[in-house]
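Please report on the packing and charge pairs of this chain.

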Amino acid sequence: LKLNINTCFATTHFVTNAESINYYLNEGVNYALLTNELTLEEIKEIRKKTTAKLLVNTVYLPNVAFSKRKLLSNFYHAINEKAKNTLEVNETISDEDYLLTETENGTNFTLNELCNGTSLIKDLNTIGIDYLIFKEESIETIFIELLKDTKDYLADNCENEDYINKYKMLGTSTNFFYKESIFQVKRDEKD
């Protein structure tokens, strides 16, 4: 590739290890957006093994799936109702709520519970994560305030407890940051 522009390796669910990131780094890709399914410990290990600029989603609605099809338009057409571009659904077995959003590009499925990584920001900063990503969706009214407070928090201009307690209002889900992986592909170790 050897591109002369900054590029980011950001394939959903596949930026999971330093080996892949380093392959693309050697091809001229400068940045890697880590997948949301990584634990904090896995992120630390990746940081130790690559010099690529790393990005981590920190406050966001977790993306679950995407379809290029117009699923909501098709659904509303099938039931003879006026189409809407959003729909909240409940998956009854897990009792998880999802938000479906349709655009001209297709239909996106997100978990309808915000991942609140504000309690991890100092850890992510300390291990050398280059960019923390805050997505505005569902927090529009406090988005700018959150960014300003985070800047102060990282500069040690406010107390840890004050910042963390203030943003508990965003919810308690930290997605996969503290969940143990239930499976992982292991590399064969040669003697």
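K166 is partly exposed, with a relative accessible area of 36%. Here buried means under 20% relative accessible area, exposed means over 50%, and partly exposed lies in between (1.4 Å probe, protein chains only). The model is predicted: local features need pLDDT of at least 70, side-chain atom pairs count only at pLDDT 80 or more, and totals for chains, interfaces and linings use all residues. Residues are numbered from 1 along each chain as its sequence is written, and side-chain values use heavy atoms, leaving out hydrogens and water.

**Salt bridges**

K166 forms a salt bridge with D149, at 2.7 Å from N to O. The pair links distant parts of the chain. K166 sits in helix α6 (residues 160–166) and D149 in helix α5 (residues 143–154), 17 residues apart. D149 is buried, at 18% relative accessible area. Shared partners extend this pair into one network of E145, D149 and K166.

A salt bridge is a side-chain nitrogen of Lys or Arg within 4 Å of a carboxyl oxygen of Asp or Glu. By that rule the count is six. Three of the pairs are listed here.

| Pair | N to O distance |
|---|---|
| K166 and D149 | 2.7 Å |
| D130 and R47 | 2.9 Å |
| K48 and E45 | 3.2 Å |

D130 lies in the loop between α4 (121–126) and β9 (131–134), and R47 lies in helix α2, so their bridge ties together parts 83 residues apart in sequence. D130 is partly exposed at 32% relative accessible area. R47 is buried at 13%.

The K48 and E45 pair stays inside helix α2. These two residues are three apart, about one turn of the helix. K48 is exposed at 65% relative accessibility. E45 is partly exposed at 37%.

Helices (H or I, at least four residues) and strands (E, at least two) are DSSP runs, numbered from the N terminus.

**Helix α2**

Which residues of α2 are buried? They are L40, E42, I43, I46 and R47. The buried residues pack against α1 (18–26), β3 and α4. Contact means heavy atoms within 4.5 Å.

**Nonpolar cores**

A nonpolar core is a set of buried Ala, Val, Leu, Ile, Met, Phe, Trp, Tyr and Cys residues joined through side-chain atoms within 4.5 Å. The largest has 19 residues. Those with the most contacts inside it are I21, L34, I43, L54, V56 and L124. Both α2 (40–49) and β3 (53–60) supply at least two residues of this core. Apart from it lies another core, of 13 residues, among them L114, F143, Y153 and Y167.

What does L54 touch, leaving aside residues up to four places away in sequence? Its contacts are I21, A32, L34, I46, R47, I129, D130 and Y131. Among them are R47 and D130, the two partners of the 2.9 Å salt bridge.

**Cysteines**

A disulfide is a covalent bond between the sulfur atoms of two cysteines. The test used here is a pair of cysteine sulfur atoms within 2.5 Å. A search of the whole structure finds zero disulfides. For C8, the nearest cysteine sulfur is that of C115, 18 Å away. C8 is partly exposed at 41% relative accessibility. C115 is buried at 0% relative accessible area.
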